Amino acid sequence: MSGPVLAAGEIGDPVLNTAVFAAFVVITLYVVYRVSSRNSTTADYYAAGGRFTGMQNGIALSGDFLSAASFLGIAGAIAINGYDGFLYSIGFLVAWLVNLLLIAELVRNTGRFTMGDVLAFRMRQRPVRAAAATSTLVISFFYMLAQMAGAGAVVALLLNVQGKAGQALVITVVGAIMIFYVLVGGMKGTTWVQIIKASILILCVVLMTVFLLGKFGFSLSALLEQAAANNTKGEKVLEPGGQYGKTPTTTLDFVSLSLALILGAAGLPHVLMRFYTVPNATEARRSVVWAVGTMSVFYGATLVIGYGASALVGSERILQSTGRENSAAPLLAFEIGGTVLLGIVAAVAFATILAVVAGLTITASASFAHDVYANIVRKGKADAASEVRVARLTAVVIGVFAIIGGILANGQNVAFLVALAFAFAASANLSTLLYSLFWKRFNTTGTLWGMYGGLGSCLLLVFFSPVVSGAPTSIVSTVDFQLFPLANPGIVSIPVSFVCGYLGTVLSRERADVDKAKEMAVRSLTGIGR
Amino acid sequence: MTEVVQSPAGARAAVPRAATFGGIGSGPGAQAPQGPDFAAIHDSAEFAALRSRFRGFVFPMSALFLVWYLTYVLLAAYAKDFMSTRVVGLVTVGLVFGMLQFASTIAITALYVRWARRQIDPRIAEIRAAAGVDAR
């Protein structure tokens with residue numbers, strides 16, 4: 001770590017921090033243990049038997065969605081870069097309208113456990129399920145990597161663990177707890193973890209926001225003035241372009257990112273899977289309404305917290321601290337509430353990582369067990385016990401990957417990694433979901449072209465982007481094989497997947513299954529048969 | 001047989017299930033002799049009306065918020081001076097537009113929920129009842 005290190009140990013009490021976090025873990029473990037009396041059927045394990053209410057699921061949705069990247073990453077981005085960080089908040093929120101209007105109810109009515117259920121409904125099962133599982137696993141992996149990368153930063157702050165080896169150890173412990181949640185609790189336990197976490201997180205940011213506003217006499221302008229005064233960028237933090245306005249390329253990158261944010265939320269497998277945990281489409285709709293409500297509050301609060309961190313902590317101090325940008329919110333908490341609030345905020349951030357990774361793990365394991373094992377390998381003839389067993393085994397494997405990935409990605413900026421996951425989701429899943437729900441000619445070839453076209457172009461563009469090589473911040477900064485100038489591939493890969501899906505459909509001689517298309521149309525709108 | 005993972009072929013023969021939310025234990029083994037006639041429902045005038053009404057709302061609404069969001073994004077990207085204009089104190093046009101995105105998102109959500117409750121839910125209930133599926 002370069003520069004003077006503002007050690008977290010000087011400003012926090014690791015023992016207290018650990019105690020708060022341990023309390024969260026103990027409470028959630030108890031809840032998970034209590035609610036998970038039986039997880040023997042696939043419906044129980046994957047979808048909590050469809051017994052959550054819209055309100056519960058809505059809060060859990062925001063729990064799944066409000067990741068460490070949202071909390072730490074956005075607050076940090078606003079604190080350092082100002083207005084451009086706010087654009088993340090807006091994109092993440094507006095994105096839910098896609099879910100509300102076009103996705104939630106129809107997906108709930110059509111599928112049972114996974115995204116593959118919807119996509120494969122009227123297509124040839126095996127190739128489409130394989131594609132759906134591939135994209136689910138890739139997206140979950142990227143998203144998970146983002147979460148685990150944040151874990152390192154939080155660990156550094158929370159426990160004053162400075163060494164990489166020590167941080168790795170803590171990441172491993174976190175991963176182990178997460179695996180336990182998923183194995184024991186299934187979807188039901190994981191959902192309760194999300195509900196508890198989301199409630200604490202939102203309560204926490206609301207209290208901080210009210211306090212901050214109060215400190216500045218409830219004048220946003222006064223807060224902004226102070227934020228500008230304590231930021232090295234000055235009043236530029238109130239204007240767009242602080243982060244993305246440097247060159248025409250970065251501006252285009254910003255447009256690309258915005259597209260990925262708004263179109264990605266509806267393609268995230270762990271969000272889609274949540275819609276199966278409610279009994280009917282009306283409750284699915286209600287879930288999204290609750291999610292929009294809680295997230296409006298949350299993202300509104302990030303604006304105040306981000307600028308508040310700039311105002312009270314100052315951009316220089318944030319950038320000099322161990323966790324850099326990601327530590328803006330924890331440092332602000334210490335500034336306004338001392339060691340106690342720092343402990344709570346750090347523990348909440350930690351809990352957030354834990355819960356989101358648990359949600360991703362259950363989604364990825366469900367997709368593997370349900371799409372790959374039960375429907376491809378066993379051709380739909382697997383019994384529930386063996387399917388759930390495979391899902392649990394997969395969860396362990398994915399958990400181990402998450403731990404390793406987290407250790408390797410330790411220190412990368414988390415908000416940006418999440419944006420990449422969104423680009424993947426928007427490119428591979430959204431186009432095919434929309435086509436299969438709304439276009440009756442859409443067929444298997446179109447689905448495969450759309451998914452692999454989107455996913456492939458996304459992977460390719462990222463590989464040749466400044467994210468991987470050719471820039472000082474790249475993963476491999478020593479070699480330069482950069483060909484594509486944008487860090488976020490969305491602006492190219494999203495249209496590519498829509499075009500591929502269209503071309504695959506019209507160019508193939510394959511005819512869509514008319515009966516199945518009619519059945520899907522009826523099911524998706526009315527819920528008959530589900 | 002307690003629970004059989006459904007192949008979609010099994011899922012197709014939909015069985016009205018009273019007590020099992022989420023379809024526990026509705027494997028192929030539990031198939032009723034005849035499921036709802038999806039093709040007939042699909043070709044009925046009621047369903048056609050429901051579908052065109054649904055699309056008539058969600059498509060324009062989606063286009064609306066997408067265009068409004070993209071306008072905002074493009075302004076932030078390419079009309080920096082305009083977005084940096086101060087409105088009140090240090091509050092810029094950009095910040096106000098950002099807040100308006102929040103407001104429009106909440107407004108569209110509220111609008112959709114109200115519209116769906118009045119225009120869509122009763123029609124779905126009718127079709128479900130006609131198909132012999134338990135109304136919710």
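Helices (H or I, at least four residues) and strands (E, at least two) are DSSP runs, numbered from the N terminus. With that in hand, let us start the tour.

This is a predicted model, in which local features need pLDDT of at least 70, side-chain atom pairs count only at pLDDT 80 or more, and totals for chains, interfaces and linings use all residues. Residues are numbered from 1 along each chain as its sequence is written, while chains are lettered from A and ligands numbered from 1 in the order in which they are written.

**Stop 1: chain B**

Select chain B and color it by secondary structure. Along the sequence you will read the pattern α-α-α-α-β-β-α, made of five helices and two strands. Of its 136 residues, 31% count as buried; a residue is buried if 20 or more other C-beta atoms lie within 10 Å of its own, exposed if 12 or fewer, and partly exposed in between, with C-beta atoms placed from the backbone.

Residues 57-78 of chain B are 100% helix and 0% strand, with end C-alpha atoms 31 Å apart. For residues 90-113 of chain B, the figures are 88% helix and 8% strand, and the end C-alpha atoms lie 36 Å apart.

**Stop 2: where the chains meet**

Now show both chains together. Here 58 residues of chain B are in contact with 61 residues of chain A, where contact means that the C-beta atoms of two residues, placed from the backbone, lie within 7 Å. Which element of chain B gives the most to the side that touches chain A? Select helix 5 of chain B, which gives 15 residues. Elements that give two or more residues to this side of chain B also include helix 3 (45-78) and strand 2 (91-92). By class, this side of chain B has 35 nonpolar, 16 polar and seven charged residues. In that count Ala, Val, Leu, Ile, Met, Phe, Trp, Tyr, Cys and Pro are nonpolar, Asp, Glu, Lys and Arg are charged, and the others, Gly among them, are polar.

**Stop 3: chain A as a whole**

A compact globule of 530 residues would have a radius of gyration near 24 Å, and the 22 Å of chain A agrees with that; the radius is taken over C-alpha atoms, and the globule rule is 2.2 Å times the number of residues to the power 0.38. Buried residues make up 68% of the 530 residues in chain A.

**Stop 4: the core**

Select A309(A) and A421(A). These two have the most contacts inside the largest nonpolar core, which has 234 residues. Such a core is a set of buried Ala, Val, Leu, Ile, Met, Phe, Trp, Tyr and Cys residues joined through C-beta atoms within 7 Å. Helix 16 (residues 328-377) of chain A gives the most to this core, with 31 residues. Around A421(A), leaving out residues up to four places away in sequence, look for I139(A), F142(A), Y143(A) and A146(A), which it touches.

**Stop 5: a covered helix**

Go to helix 6 (residues 83-94) of chain A. How many of its 12 residues are buried? The count is 12 of 12, so this helix is mostly covered; among them are Y83(A), D84(A) and F92(A).

**Stop 6: three single residues**

Is T444(A) buried or exposed? T444(A) is buried, because 23 other C-beta atoms lie within 10 Å. T444(A) sits in helix 19 (residues 444-463) of chain A, and its contacts beyond four places in sequence are M123(A), R124(A), P127(A), V128(A) and E510(A).

Move on to G338(A), in helix 16 of chain A. G338(A) counts as partly exposed, because it has 14 C-beta neighbours inside 10 Å.

Finish at I475(A), in the loop between helix 19 and helix 20 (490-507) of chain A. With 12 C-beta neighbours inside 10 Å, I475(A) counts as exposed. Leaving aside neighbours within four places in sequence, I475(A) is in contact with V467(A) and V468(A).
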